[in-house]
Amino acid sequence: MSAERVRAATRVCYACGAATTAPAVRCDCGEPLWLPEVTDPTETDAPGMWRHAGLLPVDSPGGVADAVGDTPLVASDAVADFAGVDVSLKLEGHAPTGSFKDRGSALAVAAVEAGYAGDVRAVGTVSHGNMAMSTAAFAASADLPCVVLVPDDIPESRLGVIAQYDPTVVRVDGDYGRLYERSLELGREHDIAFLNSDVPLRVEGQKTTAVEVCLDAAPDAIVMPVSSGGHASGAWKAVRKLHAAGRIDQIPDLHFVQASACAPIDEAFARGDDTVASVDGGETIAYSIANADPPSGDRVLTAARDTGGTVTSVDDDATRAALDTLARAGISVEASCAVALAGTRELVQSGRLDSDAEVAAIMTGTGLKEASGSADTARATVDSLDTVLGGVGVER
Ligand SMILES: *Cc1c(COP(=O)(O)O)cnc(C)c1O
Ligand SMILES: [Zn+2]
């Protein structure tokens with residue numbers, strides 16, 4: 001290991017500056033820890049996100065990890081018209097399991113193998129969706145046992161998607177929010193590295209989304225959906241690092257968007273608070289980002305304020321309109337990502353985002369895992385098909 005990488009084996013608190021060499025997840029002050037900044041932003045010719053290996057604690061272990069990152073950034077006139085601003089879309093759905101979580105899982109599993117989580121015999125996570133699938137996939141690729149804790153009432157369809165990588169799946173009855181802390185405690189007792197949403201090793205990998213966006217497009221603002229705050233924390237770490245290293249002239253404003261039915265970070269931001277209070281979250285089509293008690297919520301507030309960004313929220317109707325617009329541009333994303341586009345439009349309309357700005361919106365996951373459209377079908381017999389096809393494309 002290089003000197004830089006040895007240094008990265010410590011963890012520091014973004015809030016109080018305390019440091020530890022234990023593979024801890026949270027600081028004694030209660031806030032999440034992250035790895036110290038590394039100072040070598042040189043690019044390598046490694047594939048995918050490993051191009052930025054100088055910013056990462058470990059190199060790619062190869063295999064499916066090489067397919068993570070370097071996702072496309074695309075623009076569409078229809079999408080820009082909808083948003084009212086020049087917006088490019090970072091398509092994280094191109095990842096091996098269809099979401100940016102793969103950046104965190106690939107890095108974290110490689111770092112666990114390199115000893116960054118101490119002496120563990122398995123990895124685990126607490127998730128009912130993308131993170132479960134992603135962690136299980138990368139654990140499988142490293143031949144590490146994996147345990148996934150899911151809520152008892154998880155839909156069967158989602159369970160099947162996770163199960164294809166053959167992790168140990170445990171349906172847990174009881175307060176799902178409490179499971180986050182409890183899993184970390186139990187993980188220490190049972191030598192299982194729980195790679196939950198905002199743990200230092202996951203954040204370290206997930207920062208590469210913003211690294212790629214900044215180096216490929218240098219936008220004035222980045223808009224992303226936020227739930228636990230792990231991805232947002234990574235973005236904040238990335239933009240500060242790149243700026244300090246002179247790789248970007250200006251730190252982009254970081255704007256974070258929630259679903260209004262479950263928007264604890266937005267509510268705290270609007271009140272001007274420094275800490276996020278948990279809420280009684282309601283139902284939303286953006287279920288991937290409905291976190292009523294976000295573990296990195298306070299860090300997201302700091303990230304938004306530090307970069308001149310904001311936190312906002314949008315309702316499901318606004319999200320559906322964004323989903324429709326994306327679909328008309330041929331882009332399938334989860335409702336949770338359409339939230340970022342709906343949020344971009346809302347921020348422009350409310351004057352919080354300059355309509356002259358160059359914006360990158362992060363489309364965090366593919367829509368191919370969820371059937372969001374209701375199919376409007378025509379029917380025909382072989383004999384009547386002639387008539388039906390004659391009507392295709394004719395104004396209805
Ligand atoms: C996990 C997830 C998010 C939210 O990320 P956090 O790091 O929990 O804030 C957003 N979109 C999708 C598709 C996700 O899977
Ligand atoms: Zn601290």
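Domain bounds here come from an automatic or database domain assignment. For this protein the assignment gives three entries: domain 1 (3-66), domain 2 (67-98 + 202-363) and domain 3 (101-200 + 371-389). The model is predicted. Its secondary structure comes to 14 helices and 13 strands. The radius of gyration is 21 Å, close to the 21 Å that the globule rule gives for 396 residues, so the protein is as compact as a globular protein of that length.

**Overall build**

- The C-alpha trace spans about 70 × 45 × 45 Å along its principal axes.
- Of the 396 residues, 53% count as buried.
- The accessible surface comes to about 16900 Å². Carbon and sulfur atoms hold 47% of that surface.
- Take the contacts between residues at least 6 apart in sequence: 69% of them join residues at least 24 apart.

**Domains**

- Domain 2 is written in two segments, 67-98 and 202-363. Domain 3 also has two, 101-200 and 371-389.
- The centres of domain 1 and domain 2, taken over C-alpha atoms, are separated by 22 Å.
- Contact between these two domains involves 24 residues of domain 1 and 26 residues of domain 2.

**The parallel sheet**

- An open sheet of 4 strands runs in the order β8-β7-β6-β9, with parallel pairing.
- Its edge strands are β8 (168-172) and β9 (192-194), each of which pairs on one side only.
- From one strand to the next, the twist averages 25°.
- Strand β6 (residues 122-126) is joined to strand β7 (residues 146-151) by 4 bridges, and the two run parallel.
- Within this sheet, Val 126 stands opposite Leu 149 in β7.
- Helix α4 (residues 130-141) lies across β6 and β7. The angle between α4 and β6 is about 170°.
- Helix α5 (residues 156-163) lies across β7 and β8. The angle between α5 and β8 is about 150°.

**The antiparallel sheet**

- Strands of a sheet pair through backbone hydrogen bonds, either parallel or antiparallel.
- A 3-stranded open sheet has the order β2-β1-β3, and its pairing is antiparallel.
- The edge strands are β2 (19-20) and β3 (33-34), each pairing on one side only.
- Strand β1 (residues 11-13) pairs with β3 over 2 bridges, in the antiparallel sense.
- Val 12 stands opposite Trp 34 in β3.

**Ser 88**

- Ser 88 sits in strand β5 (residues 86-91).
- Its relative accessibility is 18%, so Ser 88 counts as buried. The cut-off for buried is under 20%.
- Ser 88 and Ala 360 are 272 residues apart along the chain, yet their C-alpha atoms are separated by 4.8 Å.
- Leaving aside neighbours within four places in sequence, Ser 88 contacts Leu 73, Val 74, Val 359, Ala 360 and Ala 361.

**Thr 310**

- Thr 310 is in the loop between α11 (297-307) and β12 (311-314).
- With a relative accessible area of 9%, Thr 310 is buried.
- Setting aside neighbours within four places in sequence, its contacts are Leu 254, His 255, Phe 256, Phe 269, Ala 304, Leu 347 and Arg 352.

**Positive phi in loops**

- Most residues other than glycine have a negative phi.
- Asp 70 is not a glycine, but its phi is positive, near 55°.
- Asp 70 lies in the loop between β3 and β4 (73-75).
- The relative accessible area of Asp 70 is 45%, so this residue is partly exposed.
- Ala 218 is not a glycine either, and its phi is positive at about 40°.
- Ala 218 is found in the loop between α8 (208-217) and β10 (221-225).

Key. Residues numbered from 1 in each chain as written. Chains lettered and ligands numbered in written order. Predicted model: local features only at pLDDT ≥ 70, side-chain atom pairs only at ≥ 80, totals over all residues. Heavy atoms only, no water. Pairing = 2+ DSSP bridges. Axes fitted to C-alpha atoms, helices over the stretch in contact; angles between N-to-C directions. Contact = heavy atoms within 4.5 Å. Rg over C-alpha atoms; globule rule 2.2 N^0.38 Å. Buried < 20%, exposed > 50% of the residue type's maximum accessible area, 1.4 Å probe, protein only. Areas by Shrake-Rupley, 256 points an atom, 1.4 Å probe, with all protein chains shown as cover.
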